[in-house]
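Subject: A structure for you to look at

Hi there,

Here is the structure I promised to pass on. Please open it and have a look around, then read on for what turned up.

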Amino acid sequence: MTMPIYPQLEISETLAAGPGPGNTDARVLAAFSRVGMADHMQDDVLRGMIECKHMLRRLWGTQNTHTFAVAGTGWSGLDTMFSAVMPGDTVVAFVNGTFSGIDAKTLNIKAATAAEHAANPLDPQAASVTTVEIPHGQSISGEVIETALARHKPKWAFMAHWETGSGRINDLQGFSDACSRHGAMGLIDAVSSLGVEEFAIDDYPGVAGWASCPQKGLCCLPLTYAPVSFTDAYIEALKTRGAYSYVHNPIFEARHWGIVNGQDVDKGSYHRTHSAYAVSAFHESLRLALQDGLAKRAHSYRTHEAVLREALTAMGCEVTSNMTSLVVLNLPPALAGREMELVQNCRAQGFGIWPTLSEPVQVRIGILNLLDRGVISKIVHLFADAMRDLGAEVDGASIAAILDTRYGTSVAA
Ligand SMILES: *Cc1c(COP(=O)(O)O)cnc(C)c1O
């Protein structure tokens, strides 16, 4: 029997109210599909990449020459950032959730010796890597960072700025200060914070490497670019010690973005085949972010998250997160243990919320690029309905009153 030809793939529209991917902006999608076919050395494509590089530096508040983006998703940018970590390097990694946990795993893979890889090929345990675990639901504090770096004096230190697994914001200032004090090169997973929070790389001189992603705060899912930025000290380490990667070596990658020998040049040179569609979409997402302005965006996230949090709390949920793009919550005691059921019911109806991906099981509701009264109200009502479907009593009037008061008086929709 021959295999039939499948019908054309249809993917239905969902309300993407999870931790990410966020809602790709219509302008970004239009830019993606408007582009003509062009190769990766065509003038407009190269010019677009150089403009992206300059926009990224502005958006991210940095003079770091090595600020560009890596084709792929968040992990592609993170892999590039971790490429300078060599076998046997001393590392302290702070972990408080799913994503920083995977980052710590990556660091073990990079820092493991050949013998350590052979002993446990899929999960090497590098003796030179110290992982400091902070319980799920808590932030990593400056004191914890200071204590660990003072004690271990590692070459590298790692932390997630915003841990999307538990929805917690970690102490970036404390991290940068401790890195400077103890001579560690800081590495930051900024996947969830770029484009959502207002911050500037150059305010954190203890951090040598940064990596983010396309599809969260930048609203640019059509597989595009993960922004990265490196200080000269990071690039110097790479120059003198090398890296076990061609494609994700920041020095090589940067060439296509017009960064050669630490200098901006007029035209990029070949590193790999870039997509004109992706460059155009990414370019539009950066224009959009700069036009909005980070201050305005950050304010809008804070405002809408506060309304969502208040409504969910009124329904009896306990919110344990403090990120502004995501609410992580425990269901009321009567529904405890039914988190997965509730999330699956919602997802079956195109309401794309998420559970946590590691223990404990909690519910995650995100608002990436969902920053208006209509859609936040819709999320609140859909979630109330899902709780009622499981037998909870939800007081519709008091929830409607919260939305009315918060949006009616202090907040413009
Ligand atoms: C989403 C996320 C990642 C992974 O990003 P991908 O785009 O899925 O590769 C890594 N770290 C954090 C903190 C994240 O939120």
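**Around the ligand**

A polar side-chain atom of Lys 216 sits 2.6 Å from an oxygen atom of the ligand. Of the 380 Å² of accessible area that the ligand has on its own, the protein covers 90%. Please keep in mind that this is a predicted model.

A polar side-chain atom of Thr 164 is 2.3 Å from an oxygen atom of the ligand. With Gly 74, a polar backbone atom lies 2.9 Å from an oxygen atom of the ligand.

Which residues make up the shell around the ligand? They are Thr 73, Gly 74, Trp 75, Leu 78, Phe 99, Trp 162, Thr 164, Asp 189, Val 191, Ser 192, Gln 215 and Lys 216. Five of the shell residues are nonpolar, five are polar and two are charged. Helix α3, residues 74–81, gives the most to this shell, with three residues.

**More on Lys 216**

Now back to the lysine. Lys 216 is in the loop that runs between β8 (207–211) and β9 (225–230). Is Lys 216 buried or exposed? Lys 216 counts as buried because its relative accessible area is 7%, and the cut-off for buried is under 20%. Leaving aside residues up to four places away in sequence, Lys 216 touches Pro 19, Gly 20, Thr 164, Val 191, Ser 192 and Leu 368.

Lastly, an unreviewed UniProt entry lists Lys 216 for "modified residue: N6-(pyridoxal phosphate)lysine".

Enjoy exploring!

Key:
Residues are numbered from 1 along each chain as its sequence is written. This is a predicted model: local features need pLDDT of at least 70, side-chain atom pairs count only at pLDDT 80 or more; totals for chains, interfaces and linings use all residues. Side-chain values use heavy atoms; hydrogens and water are left out. UniProt positions are given in the numbering used here, feature names are shortened, and annotations may be inferred rather than shown by experiment. Helices (H or I, at least four residues) and strands (E, at least two) are DSSP runs, numbered from the N terminus. Buried means under 20% relative accessible area, exposed over 50%, partly exposed in between (1.4 Å probe, protein chains only). Contact means heavy atoms within 4.5 Å. A residue is near a molecule or strand if one of its heavy atoms lies within 4 Å of it. A polar contact is a pair of N or O atoms within 3.5 Å; within protein, one must be able to donate a hydrogen and the other to accept it, and residues adjacent in sequence count only if both atoms are side-chain atoms. Accessible areas come from the Shrake-Rupley method with a 1.4 Å probe; for residues, only the protein chains shown count as cover. Ala, Val, Leu, Ile, Met, Phe, Trp, Tyr, Cys and Pro count as nonpolar, Asp, Glu, Lys and Arg as charged, and the others, Gly among them, as polar.
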